[in-house]
Amino acid sequence: MKKILKSLPAALALMLVSPAFAATDSAQSELTITVPEFINITKESSVETSTASFDDNYQTITLSPALNANFKVINNLPDRVVYLDGSVQTSGGSAKALYGEDADKMNLVFTNTTRLPDEAAVQNITSASGTAYANNPNAIAFAITPTITPDSSSGATEPTKAFESNHAKYTISNGIFDMGYAIAVNAVANTFSTHDTNGTYKATLTLTTTEP
């Protein structure tokens, strides 16, 4: 009996300092996932090599087969901006090769890789001042026809297009896009003549998220 009485004060003290325990019938854990930005631009099947033929007066050039560049874009960011840029090599280094009225009416300059033209020859074609055969030797321009196909099942919609400062600008939604560029088989007027010598002519099209 004495043992029980001695232990009572300690038991009462424990009850006073111990917090009340409230039972609950539920609990939750908040789980989060971080999804980073994603974009993947790849080159699809393209025709990158062609052979030129001419009329008897060397005034008309015809390419066979027709050249084209095709890209696939997979993007998860709304209002992503991508750019189409064109470049060629000149005796002074790389030069801008894409020009036109808008993103649907563009032209691309090709330059001779053996006899590199001066950059002025390319600028003679791409500038608004007009072209002259004698002023653009070993540089030839061809029209581009763009075909941009959004995959609606992926959520993609028609992009907003603009042409500014020698490149095309596209604002695209999240989704999947096929972006194709067909090169005309005949040259733009006043860009091909006997000033354009034999050899390989080359141009590079780049689709990128980096503004040129």
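This is a predicted model: local features need pLDDT of at least 70, side-chain atom pairs count only at pLDDT 80 or more; totals for chains, interfaces and linings use all residues.
Visitor: Where is Asn166 found?

Guide: Look in the loop between strand E10 (160-164) and strand E11 (167-172).

Visitor: Where is Asn190 found, and is Asn190 buried or partly exposed?

Guide: Asn190 belongs to the loop between E12 and E13. With 36% relative accessibility, Asn190 is partly exposed.

Visitor: Which residues does a cis peptide bond join?

Guide: Ser64 and Pro65. Read the omega angle: here omega is about -5°. Pro65 sits in the loop between strand E3 (61-64) and strand E4 (68-75).

Visitor: Now the rings. How many aromatic pairs does the structure hold?

Guide: Five aromatic pairs are present. One of them joins Phe54 and Tyr58, with 4.5 Å centre to centre and 45° between the planes.

Visitor: Why is that pair called tilted?

Guide: Check the angle against the cut-offs. Under 30 degrees counts as stacked and over 60 as edge-to-face. The planes of Phe54 and Tyr58 are 45° apart, so the pair is tilted.

Visitor: And how far apart are the rings of Phe54 and Phe192, centre to centre?

Guide: The distance is 5.8 Å, with 5° between the planes, and this pair is stacked. Phe54 and Phe192 come from distant parts of the chain, 138 residues apart. Phe54 lies in strand E2 (residues 51-54), while Phe192 lies in the loop between strand E12 (175-187) and strand E13 (201-202).

Visitor: Which residues form one aromatic cluster?

Guide: Phe54, Tyr58 and Phe192 do. Now read their accessibility. Phe192 has 6%, so it counts as buried. Phe54, at 40%, is partly exposed. Tyr58, at 24%, is also partly exposed.

Visitor: Let us go to the core. Which residues touch the most other members of the largest nonpolar core?

Guide: Leu84, Tyr170 and Tyr181 do, in a core of 38 residues. Strand E9 (residues 139-151) gives the largest share, six residues.

Visitor: What does Tyr170 touch, not counting residues up to four places away in sequence?

Guide: Its contacts include Leu84 and Tyr181. Val81, Val82, Ala103, Met106, Ile148 and Met179 are also among them. So are residues such as Arg80, Thr160 and Lys161.

Visitor: One last residue. Where does Glu211 lie?

Guide: Find the segment after strand E14 (204-208). Glu211 is partly exposed, with a relative accessibility of 47%. Leaving out residues up to four places away in sequence, Glu211 touches Tyr83, Glu164 and His167.

Visitor: How far apart are Glu211 and Asp85, in sequence and in space?

Guide: Read two separations here. In sequence, Glu211 and Asp85 are 126 residues apart. In space, their C-alpha atoms are 8.7 Å apart.

Definitions and conventions: Residues are numbered from 1 along each chain as its sequence is written. Side-chain values use heavy atoms; hydrogens and water are left out. Rings of Phe, Tyr and Trp (its six-membered ring) pair if their centres lie within 6.5 Å; planes under 30 degrees apart count as stacked, over 60 as edge-to-face and the rest as tilted. Buried means under 20% relative accessible area, exposed over 50%, partly exposed in between (1.4 Å probe, protein chains only). Helices (H or I, at least four residues) and strands (E, at least two) are DSSP runs, numbered from the N terminus. A nonpolar core is a set of buried Ala, Val, Leu, Ile, Met, Phe, Trp, Tyr and Cys residues joined through side-chain atoms within 4.5 Å. Contact means heavy atoms within 4.5 Å.
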